[in-house]
Amino acid sequence: MQDDDGDGQRIPAVEALIARMTLEEKVGQMSQRAYFAHDREEALEAVRAGRVGSFLNVPDPATRNELQRLAVEQSRLGIPLVFGRDVIHGYRTIFPIVLGQAASFDPELVEAAAAVAASEAAAVGIDWTFAPMIDVSRDPRWGRIAESPGEDPHLTAVMGAAMVRGFQGSDPAAPDRIAACAKHYVGYGAAEAGKDYNTTYIPDGLLHETYLPPYRACVEAGVLSVMTAFNDLNGVPATGNEPLVRGVLKGEWGFRGVVVSDWASMTEMINHGYCADLRAVAQTALRAGVDLEMATHAYRDCLPALAEDGTADTARVDDAVRRVLELKHRLGLFARPYTTDYAPQEPTSRALKVAKELALRSLVLLTNDDGALPLSADVESIAVVGPLADDPNEQLGCWAFDGIRDRTVTVVQALRERVGDRTTIQYVPGLTSPLDTSRAGFVEAVAAATAADVTIVVLGETADLSGECHSRAFLDFPGAQVELLERLAATGRPIVLVVFAGRPLVLGRVLEHANAVVYAWHPGTMGGPAIVDVLFGDESPSGRLPVTFPRAVGQIPIYHAFKNTGRPPTTGFRGIPAGTPLDPEGFETSYLDLEVSPEFPFGFGMSYATIKYSELVLEPSHAPVGHPIQVHVTVENTGTRVVDEVVQVYLRDLVGSVTRPVRELKAFRRVRVEPGQRRRIQIELDATAFEFVGLDLKRVTEPGRFHVFVGGDSTADLCAELELV
Ligand code: BGC
């Protein structure tokens, strides 16, 4: 294992400060305190005494400046504090949940959104966000899938790096930028049974191939901090995992930023049964490489004594302190510790524009029977049904605590705005909330649908059904929502369903009762106008699924990069015949009672045109290992509307010394295609696209045959073969 004790590029002012610090002051810099009004006096005293390095969740800029003034003017060394807060999918202006952002397959726009969030947060004195969350998530039961870019390591890496660039910019000390934090290192998304905080078992190869690469991408993008996770990973809590934190992250990858624990994830090592007491917690976390303890006080209470009696390595204490001070230095806090001009910010027109654009690009059209969408501009009457259609709170998503509610534009508001007096809009919620089981509102809703040319039904999950500690065992539409939809469908009038959700839901029967389905995630402040633009065809839907949609909870985990098995399914689903024989036909990997394919595959999403892929050429198609390959394909819009298509490139390595998935996403590109246009698209697969993690955990490219699939989703069948020699 490599270590991180090398000199790197040290900052002389930081080194001079470390030389003057007492052990208590050093340990103070390793402590991040949560701000609570009830222990305010103690907090102030701790700042004065130099026993705090950082705060999270300080409620307002005035309190921030007050704490900062104490640190700078009254503590012995005058070291400024650094203030953190979760700015996850927006601060005042709320963008789609991160899963929705990933559906845009548009890293530039995701970067722009993070930059807006950074500027809004920086304006009120937030120096540091605990984002991006880049935990690969293959289990929609897990509530935190909403915060993640989904199931795929490549997409997650691209989106994570984009968010890091957006938050930090080229100079994190700029007044409109903040430090980012890649979290939760590592494997948190693999929580068993999708239950939050649960144990994870990830074989080393999978860890290195799927869960670690997004972190590496963020480190390469210059992320200033990384958060260790809550979970027990293969028997060792992630927060106490020396080989992964000190070894891989700080050693192998040369990460020079701050490693912060998650909230109480240090002291929870006692609950895990990994540490006996607080002393052991402090010792274990220091050894593992945690520089800053969030919310608990094992370092504060135990580290000085451990360092004095020689149990804890003081060089490691110095290294941790150096990282924290360097973060403050990089953020410009020594030069400009206070926040000024902090009048509450209204979202700027640019912020709202980015929010609308990103919401637009996150919308995934799942079904569209007989061109039910787009709606005709001269539709005379529209009924809107569903409790989520006009709720400014719920469309904001799971991490929108600081979002401005009164700037949310709902579907009903946006519709009224768009159609003016031309079209009658009748809104009948039908249910008081998605959890409502009363049928009392059905009669009125059905009457409205019967009288209207078309009914837009907005159903799904409230924001609080996803996010931290909000896992679900059923992935259905809660309450009486499906029944409401059935009643509306029974009118025989056209039904367009818009789904708000923090995860893939099991759609099943729902699909039968709607002529078109738009999956909108939780789309944020500007969700309403974005949805209305898509419904009327001002823009063609262009979001693509960043995660596979299961047909049933029993299929989970289900994801596109699965292994073939020795008995891949060929016969398809036949149902359970009466008198099912003990010897099933085929003995193939399958279920007796459900087909194995997902409801909707990864990468899927329809548009208002038909796109044809052809003339796939690989250049060269025979190359030495390590040579980049150019993928050329023709994308033709055979429809009548301009669309954005997400061209996706998947790879299958046919034979490996470690078996390879049937498909892996390797590259993608969003391209605009005019009606009738044929565009020749070129996408490069660089040498790393062909690598995998060998049994020795080293990346390797093995010579042999590869299939390259190009198309509009992970089931694309246009394929060309390539040989590496
Ligand atoms: C979450 C983190 C978050 C932290 C601080 C924890 O409970 O797991 O994602 O950054 O709290 O709010």
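Reader: How many bridges join strand β19 to β22, and which way do they run?
Author: Eight bridges join β19, residues 629-637, to β22, and the two run antiparallel. Strands here are DSSP runs of E with at least two residues, helices are runs of H or I with at least four residues, and both are numbered from the N terminus. Two strands pair if DSSP finds at least two bridges between them.

Before we go on, this is a predicted model: local features need pLDDT of at least 70, side-chain atom pairs count only at pLDDT 80 or more, and totals for chains, interfaces and linings use all residues. Residues are numbered from 1 along each chain as its sequence is written, and side-chain values use heavy atoms, with hydrogens and water left out.

Reader: Thanks! Which residue of β22 stands opposite Val635?
Author: That is Arg679.

Reader: And what is the strand order in that open sheet?
Author: The three strands come in the order β17-β19-β22, with antiparallel pairing. At the edges are β17 (611-619) and β22 (678-685), each pairing on one side only. From one strand to the next, the twist averages 20°; the axes behind such angles are lines fitted to C-alpha atoms, for helices over the stretch in contact, and angles run from 0 to 180 degrees between N-to-C directions.

Reader: Is His632 buried or exposed?
Author: His632 sits in β19 and is buried, because its relative accessible area is 14%. Buried means under 20%, exposed over 50%, and partly exposed in between, using a 1.4 Å probe and protein chains only.

Reader: What does the His632 side chain make a polar contact with?
Author: With the side chain of Glu619, at 3.2 Å. A polar contact is a pair of N or O atoms within 3.5 Å; within protein, one must be able to donate a hydrogen and the other to accept it, and residues adjacent in sequence count only if both atoms are side-chain atoms.

Reader: New topic: which residues are around the ligand?
Author: Leu56, Asp86, Phe130, Arg144, Lys183, His184, Met227, Phe230, Asp262, Trp263, Met294 and Glu468.

Reader: How far is a polar side-chain atom of Asp262 from a ligand oxygen atom?
Author: 2.6 Å. For Arg144 the distance to a ligand oxygen atom is 2.7 Å, and for His184 it is 2.7 Å. Taken alone, the ligand exposes 310 Å², and the protein buries 92% of that; these areas come from the Shrake-Rupley method with a 1.4 Å probe, and for residues only the protein chains shown count as cover.

Reader: Back to His184: what joins it to Lys183?
Author: A cis peptide bond, with omega about -5°. His184 lies in strand β5, residues 181-185, where five of the five residues are buried. β5 pairs with β6 (residues 225-228) in the parallel sense over three bridges, and Ala182 has Val226 as its bridge partner in β6.

Reader: Last one! What is the phi of Asn57?
Author: About 65°, a positive value although Asn57 is not a glycine. Asn57 is in the loop between β2 (54-56) and α4 (61-74), and counts as partly exposed because its relative accessible area is 24%.

Key
Near = heavy atom within 4 Å.
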